Amino acid sequence: MNETKKVFMVRGEYARKAVDDTLQLFGLSLESVQLHVRTKNICDFRRMAILAMRQHTCLSLHDVGEIFDRDHATVKYNQDKAKQLIEIEVFYKRTYERFTQLLIERLESEKLKQWNSTITP
């Protein structure tokens, strides 16, 4: 089954807002996942958000790292780890799918705001 993915060309500030809005629906904030803490809940959502951003935006490893206050190597590691968890943990996979669905909705909204801001004098 070949699944097509939506990919958004969105500036970092709009992506940051979309991620923060999505995390808030899960009781977290962007600031909480930017912290250098290793609690399972925060790490899981950080990984989900990083993978979703890499899969659904044109942002580079460096750009995603700036959003999450991480370097590009850490972003790559978290992206790969999230892919592994999706393969082996059903709950993680379901949560990731829901997170991604909500993030895409917010990215669409932020993309529209970005587009509107460029045409408004």
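Visitor: Why is Tyr92 called buried?
Guide: Buried means under 20% relative accessible area, exposed over 50%, partly exposed in between (1.4 Å probe, protein chains only). Tyr92 has 2% relative accessibility, so Tyr92 counts as buried. This is a predicted model: local features need pLDDT of at least 70, side-chain atom pairs count only at pLDDT 80 or more, and totals for chains, interfaces and linings use all residues. Residues are numbered from 1 along each chain as its sequence is written, and side-chain values use heavy atoms, without hydrogens and water.

Visitor: Where is Tyr92, and which residues does Tyr92 touch?
Guide: Tyr92 sits in helix α6, residues 90-119. Helices are DSSP runs (H or I, at least four residues), as are strands (E, at least two), numbered from the N terminus. Setting aside residues up to four places away in sequence, Tyr92 touches Asp44, Arg47, Met48, Ala82, Leu85 and Ile86. Contact here means heavy atoms within 4.5 Å. The Tyr92 side chain also reaches the backbone oxygen of Asp44 at 3.3 Å.

Visitor: What makes α3 roughly perpendicular to α5?
Guide: Helix α3 (residues 40-56) and helix α5 (residues 72-88) pack at an angle of about 100°, with axes 8 Å apart. That makes α3 roughly perpendicular to α5, because angles of 65 to 115 degrees count as such, under 35 as roughly parallel, over 145 as roughly antiparallel and the rest as oblique. Axes are lines fitted to C-alpha atoms, for helices over the stretch in contact, and angles run from 0 to 180 degrees between N-to-C directions.

Visitor: Which residues of α3 and α5 meet?
Guide: In α3, they include Asp44, Arg47 and Ile50. In α5, Val75, Asn78 and Ala82 are among them.

Visitor: How do you know that His56 is buried?
Guide: The relative accessible area of His56 is 6%, so His56 falls under the buried cut-off. His56 belongs to helix α3. A polar atom of its side chain lies 2.7 Å from the backbone oxygen of Lys6. Beyond neighbours within four places in sequence, contacts of His56 include Phe8, Thr100 and Leu107.

Visitor: What makes the chain as compact as a globular protein of that length?
Guide: The chain has six helices and zero strands. Its radius of gyration is 14 Å, close to the 14 Å that the globule rule gives for 121 residues, so the chain is as compact as a globular protein of that length. The radius is taken over C-alpha atoms, and the rule is 2.2 Å times the number of residues to the power 0.38. Of the 121 residues, 42% count as buried.

Definitions and conventions:
A polar contact is a pair of N or O atoms within 3.5 Å; within protein, one must be able to donate a hydrogen and the other to accept it, and residues adjacent in sequence count only if both atoms are side-chain atoms.
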